[in-house]
Structure formats: structure tokens, C-alpha cells
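The model is predicted.

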Amino acid sequence: MVKHVILWQLKDELSDAEKAAVKAGIKEGLEGLAGKVPGLVEVHVNINGLPSSTADLMLDTTFESAEALKGYSVHPAHVAVADSKVRPYTKARFCLDYEV
């Protein structure tokens, strides 16, 4: 099994209301990939960080293998969510992938 964890910071110019809407859209879009991407075992998006956080939201996914993670990165359903709901609104992305 492989864990794929992403932390994002949203763009500064977004208002608090816009940030809330963007986070909800990212959560809905990425969690909606469950059952659609081969090898994706679990997907959770946390949008309720404490004020002490330096990131705005977190993706926590589990894949069957490193190969499944590679397939996810180019899967059309994932690319569509990333291109429409994530990339236009984020200024920084941090990733940690590891075996469990």
C-alpha cells in the first residue's frame, strides 16, 4: 500500500467565503473519485484545519501500489478535478508519498 498526502495553500486574493467554497469543491471533487480510479483504496479531504495550520486543506489517499498512484496522476477523472477545482485556486502544493 502507498499513502499519497497533499497539503495546499489557497491563493491569498481569495476572500474567506471564496476559500470556503473552493475547499468544499475540492473535497467534493476529489472524494468523488472513490470507485472511479483503479487502485484507489481510500480518499479523504480535510478542509477544517485549526487556525494554527499553515495549510488550508489536506488530501489523504491510499493506493494499492506505487503503480496505482502513477495511474491516478494521469487518470482523466483525476486530471479533470485537478484542472478545474484545484490548480486555479492554489498557490502552493506539498506532497509526501510513502509505503505502508
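## Helix 2 against helix 3

Helix 2 spans residues 66-74 and helix 3 spans residues 76-86. Their axes come within 5 Å. They cross at roughly 55°. Angles of 65 to 115 degrees would count as roughly perpendicular, and those under 35 as roughly parallel. Helix 2 and helix 3 are therefore oblique to each other.

Which residues make the contact? Helix 2 supplies Tyr-72, Ser-73 and Val-74. Helix 3 supplies Pro-76, His-78 and Val-79. Of the residues in this contact, 4 are nonpolar and 2 are polar. None is charged.

## Pro-88 in the loop

Pro-88 sits in the loop between helix 3 and strand 4, the latter covering 90-99. Is Pro-88 buried, partly exposed or exposed? Its relative accessibility is 34%, so Pro-88 counts as partly exposed. The partly exposed class lies between the buried limit of 20% and the exposed limit of 50%.

Leaving aside residues up to four places away in sequence, Pro-88 touches Lys-11, Ala-82 and Asp-83. His-44 is 44 residues from Pro-88 in sequence. In space, the C-alpha atoms of Pro-88 and His-44 are 21 Å apart.

## The annotated domain

An unreviewed UniProt entry annotates residues 2-98 as "domain: Stress-response A/B barrel". How far apart are the end C-alpha atoms of residues 2-98? They lie 6 Å apart in the model.

Conventions
Residues numbered from 1 in each chain as written. Predicted model: local features only at pLDDT ≥ 70, side-chain atom pairs only at ≥ 80, totals over all residues. Heavy atoms only, no water. Axes fitted to C-alpha atoms, helices over the stretch in contact; angles between N-to-C directions. Helix = DSSP H or I, 4+ residues; strand = E, 2+ residues; numbered from the N terminus. Parallel < 35°, antiparallel > 145°, perpendicular 65-115°, else oblique. Contact = heavy atoms within 4.5 Å. Nonpolar A, V, L, I, M, F, W, Y, C, P; charged D, E, K, R; others polar. Buried < 20%, exposed > 50% of the residue type's maximum accessible area, 1.4 Å probe, protein only. UniProt positions renumbered as here; feature names shortened; annotations may be inferred.
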